[in-house]
Amino acid sequence: MLDPQLDAPARDALAQQARGQIEAAGSLKQENTWGLRKMAYEINRRTEADYRWFRFEAPTELLDTLDHELKIADGVLRFRIFKVDANTPTIVPPAVAAPGPRERTGDRGDRGPRDERPAERDERPEPAAAEPAGE
């Protein structure tokens, strides 16, 4: 997940650098650019990220190198490296971005607009208190 505040050529350069490291020591099987999408939660005051996805085969040394390089690279908000079975089907980019946190501007989703008048109280009479029994 790349920082969207970087210009597009800078984000492409970061992705190319990772791709070059993968191709130099391993084999790139698939690459996807998912583009700018809303994140599920805020990271470094960013609500969107430029998603890039690589599927590759590589030795453990490359994984350590990639992990180190991506941790220190400016412009990388978050990354994950997963080990998957070779027979696992590849994923396709989701059609809709993940929902972000709900804004506090009165957005009530599918519940409709908020009623501005105070809640009405139940007008049923209060039950009478039990009187002590006489002797």
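Two residues are in contact when they have heavy atoms within 4.5 Å of each other. Leaving aside its neighbours within four places in sequence, I81 is in contact with L63, L66 and D67. I81 sits in the segment after α2 (60-72), and its C-alpha atom is separated by 8.0 Å from that of D67, 14 residues apart along the chain. With a relative accessible area of 36%, I81 is partly exposed; buried means under 20% relative accessible area, exposed over 50%, and partly exposed in between (1.4 Å probe, protein chains only).

This is a predicted model, in which local features need pLDDT of at least 70 and side-chain atom pairs count only at pLDDT 80 or more, while totals for chains, interfaces and linings use all residues. Residues are numbered from 1 along each chain as its sequence is written, and side-chain values use heavy atoms, with hydrogens and water left out.

## Overall layout

The protein has two helices and two strands, and along the sequence they follow the pattern α-β-β-α. Helices (H or I, at least four residues) and strands (E, at least two) are DSSP runs, numbered from the N terminus. Of the 135 residues of the protein, 21% count as buried. The accessible surface comes to about 10,900 Å², of which 50% belongs to carbon and sulfur atoms; such areas come from the Shrake-Rupley method with a 1.4 Å probe, and for residues only the protein chains shown count as cover. Among contacts with a separation of 6 or more, residues 24 or more positions apart account for 67%.

## Helix α1

Helix α1 covers residues 8-25, and at 1.5 Å a residue its 18 residues should span 26 Å; the end C-alpha atoms are 26 Å apart, which agrees. The expected span is 1.5 Å times one less than the number of residues.

Which residues of α1 are buried? They are R11, L14, A15, A18, Q21 and I22. Seen down the axis of α1, these buried residues fall within an arc of 115°, so they line one face of the helix. The arc is that of the directions from the helix axis to the C-beta atoms. An α-helix has 3.6 residues a turn, so residues three or four places apart point the same way. The buried residues of α1 pack against β1 (27-43), β2 (46-57) and α2. On the other side of α1, P9 and A24 are exposed.

## Salt bridges

A salt bridge is a side-chain nitrogen of Lys or Arg within 4 Å of a carboxyl oxygen of Asp or Glu.

| Salt bridge | Closest N and O atoms |
|---|---|
| D3 and R46 | 2.9 Å |
| D50 and R11 | 2.8 Å |
| K29 and E57 | 3.8 Å |

D3 forms a salt bridge with R46. D3 lies in the segment before α1 and R46 in strand β2, so the pair ties together parts that are 43 residues apart in sequence. D3 is buried, with a relative accessible area of 10%, and R46 is buried at 18%.

D50 forms a salt bridge with R11. This pair links distant parts of the chain, with D50 in strand β2 and R11 in helix α1, 39 residues apart. Both D50 and R11 are buried. R11, D12, D50 and R52 are linked in a network of salt bridges.

K29 forms a salt bridge with E57. Here K29 belongs to strand β1 and E57 to strand β2, 28 residues apart. E57 counts as partly exposed, at 45% relative accessibility.

## The aromatic pair

The structure holds one aromatic pair. The rings of W34 and Y51 have their centres 6.3 Å apart and their planes at 20°, so the pair is stacked. W34 in strand β1 and Y51 in strand β2 are 17 residues apart, and both are buried. Rings of Phe, Tyr and Trp (its six-membered ring) pair if their centres lie within 6.5 Å; planes under 30 degrees apart count as stacked, over 60 as edge-to-face and the rest as tilted.

## The loop between the strands

N44 is found in the loop between β1 and β2, and R45 lies in the loop between β1 and β2 as well. N44 has a positive phi of about 50° although it is not a glycine. R45 is not a glycine either, and its phi is positive at about 65°. N44 is exposed, with a relative accessible area of 55%, and R45 counts as exposed at 76% relative accessibility.
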